[in-house]
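Colleague: I would like to learn how to read charged pairs and nonpolar cores in a model. Could you take me through them, giving the general idea and then the case at hand?

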Amino acid sequence: MLSRAPSSVGRLCLHRKRINISTVLAGQQLGIKEVDDGIWLVSFMHDDLGYFDLEQKTLQPRDNPFGTRLSPMS
């Protein structure tokens, strides 16, 4: 597992690619681990946040951990 901190604009650089994560996590250490060829898991503390691939270059969040118990705000 690698440890990286997103820049002030919320990006990680990996293999000369810029991956958009979130400005909310700027400066925070994230764990990133390759789980398949070019597919990376992003973790913060003990929580897995989501995945990105080096071609798409954006974080795709995991499913809602609370399931259907919480409905989106309208």
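**Charged pairs and the core**

Modeller: Arginine 62 is partly exposed, its relative accessible area being 43%, and please keep in mind throughout that this is a predicted model.

Colleague: Which side chain does arginine 62 meet in a salt bridge?

Modeller: A salt bridge is assigned when a side-chain nitrogen of Lys or Arg comes within 4 Å of a carboxyl oxygen of Asp or Glu. Here the side chain of arginine 62 meets that of aspartate 48, with 3.6 Å from N to O. The pair links distant parts of the chain, since arginine 62 sits in the segment after β7 and aspartate 48 in strand β6, 14 residues apart. Aspartate 48, at 34% relative accessibility, also counts as partly exposed.

Colleague: How many salt bridges does the count come to by this rule?

Modeller: The count comes to 2 salt bridges.

Colleague: Is glutamate 55 buried or exposed, and how does lysine 17 count?

Modeller: Glutamate 55 counts as exposed, with 63% relative accessibility, while lysine 17 is partly exposed, with a relative accessible area of 24%.

Colleague: Turning to the nonpolar side, which residues make up the largest nonpolar core?

Modeller: As a general idea, nonpolar side chains in soluble globular proteins tend to be buried together. In this model the largest nonpolar core has 11 residues, among them Leu12, Leu14, Ile19, Ile32, Trp40, Phe52 and Leu54. Strands β2 (11-14), β4 (30-36) and β5 (39-44) each supply at least two residues of this core.

Colleague: Where does isoleucine 19 lie, and is isoleucine 19 buried or exposed?

Modeller: Isoleucine 19 lies in strand β3 and is buried, with a relative accessible area of 0%. Leaving aside its neighbours within four places in sequence, isoleucine 19 is in contact with residues including Leu12, Leu14, Phe52 and Leu54, and Gly10, Arg11, Lys57 and Thr58 are also on its contact list.

Colleague: What is leucine 14 in contact with, leaving aside its neighbours within four places in sequence?

Modeller: Leucine 14 is in contact with Leu2, Arg4, Ile19, Ile32, Trp40, Phe52 and Leu54 when those neighbours are left aside.

Methods: Residues numbered from 1 in each chain as written. Predicted model: local features only at pLDDT ≥ 70, side-chain atom pairs only at ≥ 80, totals over all residues. Heavy atoms only, no water. Buried < 20%, exposed > 50% of the residue type's maximum accessible area, 1.4 Å probe, protein only. Helix = DSSP H or I, 4+ residues; strand = E, 2+ residues; numbered from the N terminus. Core = buried A, V, L, I, M, F, W, Y, C linked by side-chain atoms within 4.5 Å. Contact = heavy atoms within 4.5 Å.
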